[in-house]
Amino acid sequence: MKKILLLGDSIRLGYERYVKEMFDGHAKVYSPGDVNGGMAQFIQRWLNEWKRRGNFPDDMDLVHWNAGLWDVLRICGDEPLSSPAFYAETLERVHKRIKLLFPKAKIVFALSTWVQEDLYQGEYQRYNKDIELFNEIAIKTLGPLGEEFDDLYLVTKNAPKECFSDMTHFNTVEGIKLVGNKVVDCLCLHVGIDRNLLAEKEARLFEIPESILGC
């Protein structure tokens, strides 16, 4: 059975349960549980520990990860928490860590999702222009290292309002259909599972929304 590791921020937490349910019986899906992966540097700091605590196997077939929405966060009108140069450096270091811990794994980076920036209030703000810049940095940094990409930005750009549960997240049935299925399609492609085999299970899960929402 194929082994898949999901890493990333709260966007990952939103689709994780659905992905695990979809692949049940077809692949073993691992994750750090309810831990929000946060900034790229947080993943760099904790990946070794998550591997030990979760008993993740060395022979992982695929690592699907994301980081960026925390890196672009602006607080009190300041610059993003991570500078573009620091973000690029950290992505490369995380890539090297993944290769060290899971040497056989194919690696897929999920581009950061679009946000409803007009809904942000107070001291915290995210801008899609920053997300686009950091996504470009990820492609330029990780592409030459052999990583593939799951374009969650394109699929969420100008998504219908009902897909959002707030300004950032997609923890609705419509959002899971949009983002969760994009991830499922990507994973099937890269681990060689026929997507049609999951169609019946998908229909059942969407009949019971509480089975797929949250983590």
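Is K51 buried or exposed, and what is its relative accessible area? K51 is buried, because its relative accessible area is 15%, where buried means under 20%, exposed over 50% and partly exposed in between, with a 1.4 Å probe and protein chains only.

Before I continue, a word on the basis of this talk. The model is predicted, so that local features need pLDDT of at least 70 and side-chain atom pairs count only at pLDDT 80 or more, while totals for chains, interfaces and linings use all residues. Residues are numbered from 1 along each chain as its sequence is written, and side-chain values use heavy atoms, with hydrogens and water left out.

Let me return to K51. This residue sits in helix α2, residues 40–54; helices are DSSP runs of H or I with at least four residues, strands are runs of E with at least two, and both are numbered from the N terminus. Neighbours within four places in sequence aside, K51 is in contact with F56, D58, L101 and F102, contact meaning heavy atoms within 4.5 Å.

I turn now to helix packing. Two packed helices are described by the angle between their axes and the distance between the axes. The axes here are lines fitted to C-alpha atoms, for helices over the stretch in contact, and angles run from 0 to 180 degrees between N-to-C directions.

Consider α1 (residues 10–23) and α7 (residues 199–207), whose axes come within 9 Å and cross at roughly 140°. The two helices are therefore oblique to each other; under 35 degrees counts as roughly parallel, over 145 as roughly antiparallel, 65 to 115 as roughly perpendicular, and the rest as oblique. Their crossing is right-handed, that is, the near helix is turned clockwise from the far one by less than a right angle. On the α1 side, Y18, E21, M22 and F23 meet K201, E202, L205 and F206 of α7. By class, this contact has five nonpolar, no polar and three charged residues. Nonpolar covers Ala, Val, Leu, Ile, Met, Phe, Trp, Tyr, Cys and Pro; charged covers Asp, Glu, Lys and Arg; the others, Gly among them, are polar.

What is the angle at which the axes of α1 and α6 cross? It is roughly 50°, and these axes come within 9 Å. The pair α1 and α6 is therefore oblique, and its crossing is right-handed. Among the residues in this contact are Y15, Y18 and M22 of α1 and I176, V183 and L187 of α6. The contact of α1 with α6 has 11 nonpolar, three polar and no charged residues.

Next, the aromatic rings. The whole structure holds eight aromatic pairs, a pair being Phe, Tyr or Trp rings (for Trp the six-membered ring) with centres within 6.5 Å, stacked if the planes are under 30 degrees apart, edge-to-face if over 60 and tilted otherwise. F164 and F170 form a tilted pair, at 4.5 Å centre to centre and 40° between the planes. Both F164 and F170 are buried. Elsewhere, F42, W46 and W50 form one aromatic cluster.

Finally, the loops. Most residues other than glycine have a negative phi. N55, in the loop between α2 and β3 (62–65), has a positive phi near 55°, and N55 is exposed at 63%. N158, in the loop between α5 and α6, has a positive phi near 60° and is exposed at 56%.
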